[in-house]
Amino acid sequence: MFQTLFVAGLLSVIFFQIPDVADTSVSKIGVICLAVLNHTCIVGFAVMRAFIADKSIYLQEKQLNMYTAPVLFLSQNLTDLPFTLTHGILYTTIIYWAVGFQPSFTKYLTTTAAVTLSDVCSVGYGMTIAGLAKDFTKAQAINLGIFSLMALFIGNFLNPQTIPFYLRYFRYFCWMAPAVEIAAVTEFKDSFFNSSDKTFNGFTDGSVVLKFYGFEEENYLVRDMIWLLVLVLFYRITAISALLLTSRKSESNKIEIQKC
C-alpha cells in the first residue's frame, strides 16, 4: 500500500493539473505510460516475492499430502484479488484527478477499469515467473529480460515495423499495451485544442495525437478490454502450469533420491 500511495503521490506532484492544451499532450501520454508501467512493477514484484515463499512452503508440505497445487493457486488468487483491485482503483483515482485528465466520470471509470485489469494480469505474470524460478534472485533475472522487452510496446518507444517480425508478435503478450491504449484514447478521443495555442508537432486535436503515437480509436474499448481479459486468463493458465511443473519436478527428484 505504501508503494502504491508513494508512486501515485509522486506522479501527481510532478504532473499536477496539466493544462489541456496541445503542448501538454506529450506529458499526458507520458504520465499514462509511467502510471501503468510503475504500478505493474509494484504489483508484479510483490506477487513474485510472496508466491516464491509460499511455493517453498507448499513443496515441503506436499510431501505430507496436505494439499494440492490447485488449492494453493486458488487460495493465493482469492487472497490477492481484493488487494489488487483496491490498490488499482486507489492508485488510478489519485493520479487521474490530480493530474487533471478529462473531468468525466465515465472516462474515469474506463481508465480505472483498464489499469486495474492490467494489475490483475500482472499478478498472473508474477505467479508464472515465481512458479518457474527456484528463488527470488533467479525470478528477478528472468523478469528483467522479459519485462524490459514488454515495456517497449507500451508507448512510442519504437516502431514495431523496425524490429524482427517474430518480436512484433510479443506485443500481444504485453498486458500494459491495451491498458495504455484505453487510457490514452479515452483521454484524447473527441478532444480539440484551442486554435490560438501553439501546437507541438502539429497537434491540432486529440485524433492527431493518437495517430502520432500509433493508438487506434476505432472499436478500441471492446478490442482492448477483450485483449486484457484474454491475457488475464492466459497468465492464470501459465501460472498454474508453472506451479504444476515445479511440483512434478520436485516429486521426481524426491523419487530419484529415494532410489539412490
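In the predicted model, helix H8 spans residues 206-213, and Gly206, Val209, Leu210 and Tyr213 are its buried residues. Viewed down the axis of H8, these buried residues fall within an arc of 95 degrees, so they line one face of the helix. An α-helix has 3.6 residues a turn, so residues three or four places apart point the same way. The cover over the buried residues of H8 includes helix H2 (25-61) and helix H7 (176-188).

Both ends of H8 were examined. Just after H8, glycine 214 adopts a positive phi of about 80 degrees.

The largest nonpolar core holds 74 residues. Ile29, Ile95, Trp175, Met176 and Phe215 touch the most other members. At least two residues of this core come from each of helix H1 (2-14), H2, helix H3 (69-99), helix H4 (105-132), helix H5 (136-151), H7, H8 and helix H9 (220-259). H2 gives the largest share, 15 residues. The contacts of methionine 176 were listed without residues up to four places away in sequence. On that basis, methionine 176 touches Val36, Leu37, Thr40, Ser118, Phe147, Met150, Ala151 and Ile154.

Charged pairs were considered next. Side chains of opposite charge can pair when their charged atoms come close. Across the whole structure, five salt bridges are found. One joins the side chains of lysine 138 and aspartate 135, at 3.4 Å from N to O. Lysine 138 is partly exposed, at 43% relative accessibility. Aspartate 135 is also partly exposed, with a relative accessible area of 28%.

Arginine 223 takes part in a salt bridge with glutamate 216, where the closest N and O atoms are 4.0 Å apart. The side chain of arginine 223 also meets that of aspartate 224 in a salt bridge, at 3.6 Å from N to O. The relative accessible area of arginine 223 is 30%, so this residue counts as partly exposed. Aspartate 224, by contrast, is buried, at 0% relative accessibility. Through shared partners, salt bridges join Glu181, Glu216, Arg223 and Asp224 into one network.

Notes: Residues numbered from 1 in each chain as written. Predicted model: local features only at pLDDT ≥ 70, side-chain atom pairs only at ≥ 80, totals over all residues. Heavy atoms only, no water. Buried < 20%, exposed > 50% of the residue type's maximum accessible area, 1.4 Å probe, protein only. Helix = DSSP H or I, 4+ residues; strand = E, 2+ residues; numbered from the N terminus. Arc of directions from axis to C-beta. Contact = heavy atoms within 4.5 Å. Core = buried A, V, L, I, M, F, W, Y, C linked by side-chain atoms within 4.5 Å.
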